[in-house]
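Reader: I am new to protein structures and would like to learn how to read one. Could you take me through it step by step?

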Amino acid sequence: MSAPAVTHHQSLWDIESTLAELISLRAEMQDSGEETAALDQQIVEYVRKEIIKADGIASYLRHCDMMAKAAQEEAERLTHRAKSWTERAKRLKTVCVSIMAAMGRSKIEGRVNTLAVQANGGRCPLTVTDESLLPDELCRWEGWITKDGAERIKAFLLPHSLKRVPDTEAIRKVLESKCLRCDGSGIVIDPNAIQLQQIPCPECDGSGHPVVAGARLEPRSFHLRIR
């Protein structure tokens, strides 16, 4: 019986497979009374190669973990640094907008750049101040229902476990519409005045939009634009 030859550049899998073959071959040779000294030396060599290969792989894996950890720490450091610079710019812009508002200026021109205060786009933020004051037509019902409850609904009975919540889209639609009394102008003719006199619309408090108890639209915020 011939032993597998020792080759270079073998993978850890190849080394382990060959080592298993050598150990099996040694048992066969020992059973048949053959000399195993040369094979024993070869087994020792493969065990040494396995240890070296395993240590090399383990060292490289530890190196990969170390480099990944270092890269992650560097990424976290850079993320924190970027956030710090962003917060600095945000604070400075807020101060500039506040000062320009106090000065009554919406634009300041420099030699090269211009600082301009500009309203944020999109819809005005909606704030629900008191859900209990909202009329039912501006709310919807949310909740869960059991199988038994579903059967009761089929029988035209009311469901269980429903919660009354504001319908923000319906509320927004009302608040953004025109006041019916003043047609969105915010002013009406005072019916009690002797002479023709305009007064703020009592229905909308001069806003030109309907009033919804328990909710309001917030004004858009402003931001500083550099041109």
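Author: Let's go from the overall layout to cores, cysteines and a pocket. This is a predicted model, where local features need pLDDT of at least 70, side-chain atom pairs count only at pLDDT 80 or more, and totals for chains, interfaces and linings use all residues. Residues are numbered from 1 along each chain as its sequence is written, and side-chain values use heavy atoms, with hydrogens and water left out.

Reader: How many helices and strands does the protein chain have?

Author: Helices (H or I, at least four residues) and strands (E, at least two) are DSSP runs, numbered from the N terminus. Here the protein chain has 4 helices and 9 strands, in the order α-α-β-β-β-β-α-β-α-β-β-β-β.

Reader: What percentage of the residues count as buried?

Author: Buried means under 20% relative accessible area, exposed over 50%, and partly exposed in between (1.4 Å probe, protein chains only). Of the 227 residues in the protein chain, 17% are buried. Aspartate 183 is exposed, because its relative accessible area is 55%; this residue sits in the loop between helix 4 (168-176) and strand 6 (187-189).

Reader: Which residues make up the largest nonpolar core?

Author: A nonpolar core is a set of buried Ala, Val, Leu, Ile, Met, Phe, Trp, Tyr and Cys residues joined through side-chain atoms within 4.5 Å. The largest one has 8 residues: Ile15, Leu19, Leu22, Leu25, Met29, Leu39, Ile43 and Tyr46. Two or more residues each come from helix 1 (12-31) and helix 2 (37-103), and helix 1 gives the largest share, 5 residues. A second, separate core has 7 residues, including Leu134 and Val212.

Reader: How many disulfides does the structure hold?

Author: A disulfide is a covalent bond between the sulfur atoms of two cysteines. The working test is a pair of cysteine sulfur atoms within 2.5 Å. The structure holds 0 disulfides. Cysteine 201 is in none, and its nearest cysteine sulfur, that of cysteine 204, is 3.7 Å away. Cysteine 201 counts as buried because its relative accessible area is 1%.

Reader: And which residues line the largest pocket?

Author: Rolling a probe the size of a water molecule over the atoms shows where empty space is left. On a 1 Å grid over the protein atoms alone, a pocket is an open set of points where a 1.4 Å probe fits, with protein on both sides within 12 Å along at least five of seven lines; lining residues have an atom within 4 Å of a point. The largest pocket is lined by Leu175, Cys204, Asp205, Ser207, His209, Pro210, Val211, Arg216 and Leu217.
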